[in-house]
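Have the sequence and the model open side by side.

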Amino acid sequence: MRALVALALGAALCVGLSLELALWIAALYALLLLDLALGPFAKGQRAAILWLALPPSAGVIGGWFLMNWLIMGDPRYFLRGLLNARALLAGPAATPFPFSPLDLAAAAVALAAVAVSAARGSRSGVLLGLLAAAPGGIAFALSARGLLWSAAPLLFIAGPLALLAAAHTAGRAARRPAAARFLAAAAAVALALGAYARWPERSPAAADRSGYGAIADQRGRWLPRIEARVRARSPHSRVFVAGYDGLALLGPRPPEIFVPTLDFDFGAAERDYAGNRLYLLVRRPERRGAMDSIHWKYPRIYEWGSRYTLYDSDWGDWRLFEIVQPRPGETP
């Protein structure tokens, strides 16, 4: 009972922390359903286990849909970028290869635990090994499709899970309490050392350093030149910088002329900044940036612009448009 409660609460926390971890939790529940289907459970136990394990995670997921419906008026708002990501990319779904030899070693250890447990007929060992191998597999699949937001959460837990799977398999094989305790202690030490060694690059709280750093490096190169360009045309100008990548470009204290926006709307921009000369800065839709709402609300805006914009200039992989056409129903 305590293990089921811990699983339910831990799964709900993982679902709330990260989309990538939510996929791993889905794999965990799939293995739980497989275990319930194959294991010798008494009548009523399967339903009781599901009633204990599922509600917290289902509540967190339902909360996401509810918040998006209440705030954005669309319960599936947070999924639209993911569902259309491949169509929105401005090129092939190429992402930097996020894996290291340690990740390969973790996957190999997990799969070895699966093979040994299967040979010995240990259902728990097989399921634990599969659960340990799942983070690397999910990260690889997302990376191949260009949908990997951050590799850190999945690849950080892959090593500890592989060690736990190996310790479980070895402990069952030892059949002696002293040997099992020794293996558990060795796994704990290896877990601590591995976590310490990988923390800077695989911490669940670590930023996507390569992507964020590359955008932040453009801050001093492009922002002053863009600001000078638009101010030369009008001292009353505003440049809307779209998407999460725009937050990295602007930094914590951007010049007043730049306005970050995560859900840009032409009509709202003109109403809120009436009398200003307005511009829109859009980044090429690549990697996770292709999932920003600017790209699925206004498809191919980076390549083609829109009927409300006039192409102005390119700044690296950022494109500047001037907003020129009033919204339907408004006077010019």
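Begin with the contacts. Among those with a separation of 6 or more in the protein chain, 67% are between residues 24 or more positions apart. A contact means heavy atoms within 4.5 Å. This is a predicted model, where local features need pLDDT of at least 70, side-chain atom pairs count only at pLDDT 80 or more, and totals for chains, interfaces and linings use all residues. Residues are numbered from 1 along each chain as its sequence is written, and side-chain values use heavy atoms, with hydrogens and water left out.

The protein chain has 16 helices and five strands. Both are DSSP runs, numbered from the N terminus: helices are H or I with at least four residues, strands E with at least two. Of the 332 residues, 42% are buried. Buried means under 20% relative accessible area, exposed means over 50%, and partly exposed lies in between (1.4 Å probe, protein chains only). The accessible surface of the protein chain is about 17,900 Å², and carbon and sulfur atoms hold 66% of it. Such areas come from the Shrake-Rupley method with a 1.4 Å probe; for residues, only the protein chains shown count as cover.

Now take helix α1, residues 2-17. Its 16 residues should span 22 Å at 1.5 Å a residue, and its end C-alpha atoms lie 23 Å apart, which agrees. The expected span is 1.5 Å times one less than the number of residues. Which residues of α1 are buried? They are Leu4, Ala8, Ala11, Ala12, Cys14 and Val15. These cover an arc of only 165° around the axis, so they sit on the same side of α1. The arc is that of the directions from the helix axis to the C-beta atoms. An α-helix has 3.6 residues a turn, so residues three or four places apart point the same way. The buried residues of α1 pack against α2 (19-38), α3 (45-53) and α4 (55-72). The face turned away from them carries exposed Arg2, Ala3, Leu9, Leu13 and Leu17.

Helix α12 (residues 219-233) can be read in a similar order. Its 15 residues should span 21 Å at 1.5 Å a residue; the end C-alpha atoms are 21 Å apart, which agrees. Trp222, Leu223, Ile226 and Val230 are buried in α12. Their arc is only 95° around the axis, which puts them on the same side of α12. Gly220 and Ala232 are exposed on the other side. The cover over the buried residues of α12 includes β1, α13, β2, β3 (277-283), β4 (309-315) and β5 (318-323).

β1 (residues 237-242) and β2 (residues 258-261) run parallel, joined over four bridges. Strands pair if DSSP finds at least two bridges between them. Val241 stands opposite Pro260 in β2. From β1 the chain passes through helix α13 (residues 244-250) to β2, in a right-handed β-α-β crossover. Right-handed means that, with the strands pointing away from the viewer, the path from the first strand over the helix to the second runs clockwise.

Finish with two residues. Is Tyr298 buried or exposed? Tyr298 is buried, at a relative accessible area of 16%. Tyr298 lies in the loop between α15 (293-297) and α16 (301-304). Leaving out residues up to four places away in sequence, Tyr298 touches Phe264, Asp265, Phe266 and Ser293. Val109, in helix α7 (residues 101-120), is partly exposed, at 35% relative accessible area.
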